[in-house]
Amino acid sequence: MLLIPCPNCGPRDETEFHYGGQAHVAYPENPAELTDREWAEYLFYRDNTKGAFAERWLHSTGCRQWFNMLRDTVTYDIQAVYPMGEPRPDKENAATGTTAPTLTSPVSPEGAVK
Ligand SMILES: [Zn+2]
């Protein structure tokens with residue numbers, strides 16, 4: 001059982017949440033121009049990562065807000081919780097070539113994002 005740190009409510013039991021799938025899947029700019037295959041890939045194809053994976057979660061029986069969570073799919077270790085629309089915290093500096101910050105303790109006991 002996971003103890004998920006909701007950014008609004010703090011740590012709560014996994015049963016209060018709904019999994020929303022992979023985070024950062026951008027809606028196509030011109031969906032009408034996609035082929036059936038491209039559209040199907042947008043709708044149904046998702047990464048199957050072993051290790052750090054960015055996911056969407058809904059605190060359905062709490063604040064009813066969506067948020068993103070970076071979770072290790074092997075160890076279930078929750079590495080970061082961050083708002084929808086924000087870049088993935090371990091890859092935000094990838095474009096500039098700088099080193100990504102370490103994620104030793106990004107989540108405080110209150111569940112707030114560091
Ligand atoms: Zn909440």
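Tyr27 is placed in the loop between strand S3 (18-22) and helix H1, where helices (H or I, at least four residues) and strands (E, at least two) are DSSP runs numbered from the N terminus. This is a predicted model, in which local features need pLDDT of at least 70 and side-chain atom pairs count only at pLDDT 80 or more, while totals for chains, interfaces and linings use all residues. Residues are numbered from 1 along each chain as its sequence is written, and side-chain values use heavy atoms, with hydrogens and water left out.

**Zinc site**

- Cys6 (SG), Cys9 (SG), His59 (ND1) and Cys63 (SG) are the protein donors of the zinc ion, at 2.0 to 2.4 Å from it. Donors are N, O and S atoms within 2.8 Å of the metal (3.2 Å for Na, K and Ca); water is not among the atoms, so sites may look incomplete.
- The site is tetrahedral, with angles of 104 to 121 degrees among the 4 donor atoms; four donors count as tetrahedral if all angles lie between 85 and 135 degrees.
- Along the chain, the zinc donors follow the spacing C-x2-C-x49-H-x3-C.
- Cys6 in strand S1 (residues 3-6) and His59 in the loop between strand S4 (52-58) and strand S5 (66-72) link distant parts of the chain, being 53 residues apart.
- Both Cys6 and His59 are buried. The terms are set by relative accessible area: buried is under 20%, exposed over 50%, and partly exposed in between (1.4 Å probe, protein chains only).
- Cys6 has a relative accessible area of 0%, whereas Cys63 is partly exposed at 22%.
- The structure holds 0 disulfides, a disulfide being a pair of cysteine sulfur atoms within 2.5 Å.

**Tyr27**

- Tyr27 counts as exposed because its relative accessibility is 53%.
- Leaving aside residues up to four places away in sequence, Tyr27 touches Trp39 and Tyr42; contact means heavy atoms within 4.5 Å.
- Tyr27 and Leu43 are 16 residues apart along the chain, and their C-alpha atoms are separated by 9.4 Å.

**Gly51**

- Gly51 is found in the loop between helix H1 (36-44) and S4.
- Gly51 counts as buried because its relative accessible area is 11%.
- Gly51 touches Arg71, Asp72, Thr73 and Val74, again not counting residues up to four places away in sequence.
- One of these contacts, Thr73, is 22 residues from Gly51 in sequence and 5.1 Å away in space, C-alpha to C-alpha.

Key
Tetrahedral: all angles 85-135°; square planar, octahedral: opposite > 155°, others 65-115°.
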